[in-house]
Amino acid sequence: MQQATIESKDGTVIKLAVGSKIAYVNGEKKTLSVAPQSPVTRIQIPLRIVSEVLGAKVDVKK
């Protein structure tokens, strides 16, 4: 299973696995609305979880 780990400068660690709607933020389980995907050689991850965990405001405008 392919996984992605993101570490911020302040020590926050986000772990995501391709095909799983579960992410771990500093070991705490979070549920994602969509699972990360890997179409070929790269992993596409939901930007919302990364942005929110790192302190960004996420707003969806329609």
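## A buried loop residue

Leu32 counts as buried because its relative accessibility is 7%, where buried means under 20% relative accessible area, exposed means over 50%, and partly exposed lies in between, with a 1.4 Å probe and protein chains only. This is a predicted model, in which local features need pLDDT of at least 70 and side-chain atom pairs count only at pLDDT 80 or more, while totals for chains, interfaces and linings use all residues. Residues are numbered from 1 along each chain as its sequence is written, and side-chain values use heavy atoms, with hydrogens and water left out.

Leu32 lies in the loop between E4 and H1; helices (H or I, at least four residues) and strands (E, at least two) are DSSP runs numbered from the N terminus. If neighbours within four places in sequence are set aside, Leu32 is in contact (heavy atoms within 4.5 Å) with Leu16, Ser20, Lys21, Ala23, Pro46 and Ile49. Leu32 and Arg48 are 16 residues apart in sequence, and their C-alpha atoms are 8.9 Å apart in space.

## The chain as a whole

The chain has one helix and four strands, and from the N terminus on these elements run in the order β-β-β-β-α. The radius of gyration of the chain is 12 Å, close to the 11 Å that the globule rule gives for 62 residues, so the chain is as compact as a globular protein of that length; the radius is taken over C-alpha atoms, and the rule is 2.2 Å times the number of residues to the power 0.38. Along its principal axes the C-alpha trace spans about 35 × 30 × 20 Å, and 24% of the 62 residues count as buried.

## Strands and hairpins

E2 and E3 run antiparallel and are joined by three bridges, and two strands pair if DSSP finds at least two bridges between them. The two strands form a hairpin with four residues between them, and Gly19 in that turn has a positive phi of about 85 degrees. E3 is also joined to strand E4 (residues 28–31) by four bridges, again in an antiparallel arrangement. Tyr24 of E3 stands opposite Lys15, and in E4 the bridge partner of Tyr24 is Lys29.

The hairpin of E3 and E4 has two residues between its strands, and Asn26 lies in this loop. Most residues other than glycine have a negative phi, and most peptide bonds are trans. Asn26, however, has a positive phi of about 50 degrees although it is not a glycine, and Asn26 counts as exposed because its relative accessibility is 52%.

Which residues make up the largest nonpolar core? Its seven residues are Ile14, Leu16, Ala23, Val25, Leu32, Ile49 and Val50, a nonpolar core being a set of buried Ala, Val, Leu, Ile, Met, Phe, Trp, Tyr and Cys residues joined through side-chain atoms within 4.5 Å. Strand E2 (13–17), strand E3 (22–25) and helix H1 (47–53) are the elements that give two or more residues to this core. Not counting residues up to four places away in sequence, Ile49 touches Leu16, Lys30 and Leu32.
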